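Please have the structure open while reading.

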Amino acid sequence: MTREQYILATQQNSLPRIENPQLYPVGIYGWRKRCLYFFVLLLLVTMIVNLAMTIWILKVMNFTVDGMGNLRVTKKGIRLEGISEFLLPLYVKEIHSRKDSPLVLQSDRNVTVNARNHMGQLTGQLTVGADAVEAQCKRFEVRASEGEKVLFSADEDEIIIGADRLKVTGTEGAVFGHSVETPHIRAEPSQDLKLESPTRSLIMEAPRGVQVSAAAGDLKATCRKELHLQSTEGEIFLNAEIIRLGNLPMGSFSSSPSSSSTPRQTIYELCVCPNGKLYLSPAGAGSTCQSSSNICLWS
């Protein structure tokens, strides 16, 4: 027997011999196994419910390849059919309706349209409220249907009305707080034209003259205190078949004694006082203004 065989034989005899070894099972058993199956079953049920809810939402919201419900995604943009409600701000470049229907923007309070520059600063605002329509901008314009003619424009300096005809239908007419510059003012056919200043004076000025004409009616100028007709370089020309100056004071003619048999005076001479006041003096063979000039002392 060699040395190696002897060592191997002595080592095998020295090892303790185990009899009836105890076996340990590998895996999950008992209540752990039942809990695992329960969670797997619960996960499966949740997945089935989620899938059913997703299918139901797709069906109710009418999801298609082109869009969702009334919302359709086209090559030109997004198309909405019917009534749509936006709870948050909407940022778009252009909004227009169909060719056969109007575009309606509705709100319980007001509708506000804002315009901003590239820096986010507010440059224009249009607010449609229950009581008024307000526009805040540098210039406001109203154009004709063709888009070229400006019917109305307003800015800080002036207001321009570009219509061929401006018609005021109010019973009180038009009230202007300051001056008005216009080349022509006329009334409707068979209607009177009235220019009135209730508490102040009425002034009409033009560098080349003012023309007031009434082709088919009377021309009447009425004032409470004084009416001035003044021409700085030319003359005042009254051309009519009959010129009447009513309610003028009459001067007394004392050269002839008064008598009951004297016929009533029917012809008078128009005289003027140094202050510009006019009066009538009984006409005679010559001028009687000097003899009846005592009326100028009263004025």
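This is a predicted model: local features need pLDDT of at least 70, side-chain atom pairs count only at pLDDT 80 or more; totals for chains, interfaces and linings use all residues.

Residues are numbered from 1 along each chain as its sequence is written, and side-chain values use heavy atoms, with hydrogens and water left out.

**Disulfides**

- A search of the whole structure finds two disulfides (a disulfide being a pair of cysteine sulfur atoms within 2.5 Å).
- Counting bonded cysteines along the chain, the pattern is 1-3, 2-4.
- Cysteine 271 is joined to cysteine 289, with an S to S distance of 1.9 Å.
- The S-S torsion of cysteine 271 and cysteine 289 is about -80°, so this disulfide is left-handed.
- Cysteine 271 lies in strand β10 (residues 268-272) and cysteine 289 in the segment after β11 (278-282), so the bond ties together parts 18 residues apart in sequence. Strands (E, at least two residues) are DSSP runs, numbered from the N terminus.
- Cysteine 273 is joined to cysteine 296 at an S to S distance of 2.0 Å.
- That pair links distant parts of the chain, 23 residues apart: cysteine 273 is in the loop between β10 and β11, and cysteine 296 is in the segment after β11.
- The S-S torsion of cysteine 273 and cysteine 296 is about -85°, so this disulfide is also left-handed.

**Burial and the nonpolar core**

- Cysteine 271 and cysteine 289 are buried, as are cysteine 273 and cysteine 296. Buried means under 20% relative accessible area, exposed over 50%, and partly exposed in between (1.4 Å probe, protein chains only).
- The largest nonpolar core has six residues: Cys271, Cys273, Tyr279, Cys289, Ile295 and Cys296. Such a core is a set of buried Ala, Val, Leu, Ile, Met, Phe, Trp, Tyr and Cys residues joined through side-chain atoms within 4.5 Å.

**Other cysteines**

- Cysteine 35 is partly exposed, at 33% relative accessibility.
- Cysteine 137 is partly exposed, at 41%.

**Paired strands**

- Strands β1 (residues 67-68) and β2 (residues 71-74) run antiparallel and are joined by two bridges; pairing requires that DSSP finds at least two bridges between the strands.
- The β1 and β2 hairpin has two residues between the strands, and glycine 69 there takes a positive phi near 60°.
- β2 also pairs in the antiparallel sense with β3 (residues 77-80), over four bridges.
- Leucine 71 is the bridge partner of methionine 68 and, in β3, of leucine 80.
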